[in-house]
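Me: I'm new to this one. Can you walk me through it?
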Amino acid sequence: MGRAFEFRKERKFKRWAKMAVQFTRLGKEIVMAVKDGGPHPETNSRLRTAMQNAKAVNMPKDRVEAAIKRASSKDEKDYEEIVYEGYAPHGVAVLVETATDNTNRTVANVRSYFTKVSGTLGKTGSLDFVFSRKSVFRFEPGERDLEELEFELIDAGLEELFVETDEEGKDIAVLHAAYEDFGKMQKTLEAMGIELKSAKLERIPLSTTEISEEDAADVLKLIDKLEEDDDVQAVYHNMAE
């Protein structure tokens with residue numbers, strides 16, 4: 001299968017072992033949502049989305065409630081959301097979303113990860129032509145007729161609807177809409193009674209870069225280091241799968 005395959009397999013096991021890190025990131029998103037729009041999910045769509053995503057990965061309810069309570073305290077830190085853009089080895093574009101209470105620490109760490117693998121950190125906006133920001137919703141299709149659902153969601157801004165297989169082998173419907181249609185699509189899906197597994201703003205590559213399995217392993221080393229950083233919320237790349 002090759003070294004890159006083994007590296008990817010090992011990376012999957014690592015990802016499963018990083019549940020605590022995932023909970024920490026969701027907790028931070030909940031804190032930012034509360035500070036942005038208040039502690040009530042009924043009137044704060046960002047918080048409602050964060051809680052929905054937390055539920056989808058089985059984040060304990062008490063941790064969700066603790067994050068909301070913590071965010072309501074005046075002593076809780078404020079987080080600044082910063083995006084870093086650069087190139088990994090072999091010409092693969094990498095975009096890193098962070099939320100930090102110390103920008104000097106975060107930029108130093110991110111730069112060091114790129115430098116150690118002979119990558120380069122670029123200027124903000126340098127990858128605008130590589131990635132498009134999209135509203136992405138995932139849910140279990142069940143017995144739903146997806147062709148009929150596509151027709152029903154056009155007015156809410158549907159751009160694309162397809163099915164992918166998750167790590168457990170289950171079919172998951174993936175819906176793409178424009179960045180600005182996130183709220184409208186979320187409300188429409190909620191009104192239709194569709195229980196979402198996740199609702200996020202993601203960076204979708206407009207084109208991908210083909211590299212060898214051996215070179216892919218080098219890129220994955222960088223992605224792993226970035227994903228292990230507490231300040232990093234999400235990492236996107238345009239390496240072909």
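Me: Which residues form a negative surface patch?
Reply: Asp-145, Glu-147, Glu-148 and Glu-152 form it. Patch residues have over 30% relative accessible area and no salt bridge, with like charges joined within 9 Å. This is a predicted model, where local features need pLDDT of at least 70, side-chain atom pairs count only at pLDDT 80 or more, and totals for chains, interfaces and linings use all residues. Residues are numbered from 1 along each chain as its sequence is written, and side-chain values use heavy atoms, leaving out hydrogens and water.

Me: Is Glu-152 buried, exposed or partly exposed?
Reply: Glu-152 is partly exposed, at a relative accessible area of 40% (buried is under 20%, exposed over 50%, partly exposed in between, with a 1.4 Å probe and protein chains only).

Me: Now salt bridges. How many are there?
Reply: The count is 16, taking a side-chain nitrogen of Lys or Arg within 4 Å of a carboxyl oxygen of Asp or Glu.

Me: What does Glu-228 form a salt bridge with?
Reply: Lys-225, with the closest N and O atoms 3.9 Å apart. Both lie in helix H8, 3 residues apart, about one turn of the helix (helices are DSSP runs of H or I, at least four residues; strands are E, at least two).

Me: And which residues touch the most other members of the largest nonpolar core?
Reply: Val-94, Val-96, Phe-114, Leu-222, Leu-226 and Val-235, out of 18 residues. Such a core joins buried Ala, Val, Leu, Ile, Met, Phe, Trp, Tyr and Cys residues through side-chain atoms within 4.5 Å.

Me: Where does the largest share of this core come from?
Reply: From H8, which gives 6 residues.

Key:
Patch = residues over 30% accessible without salt bridge, like charges linked within 9 Å, V, L, I, M, F, W, Y side chains within 5 Å. Areas by Shrake-Rupley, 256 points an atom, 1.4 Å probe, with all protein chains shown as cover. Lys, Arg positive; Asp, Glu negative; His and termini not counted. Charge placed at Lys NZ, Arg CZ, Asp CG, Glu CD.
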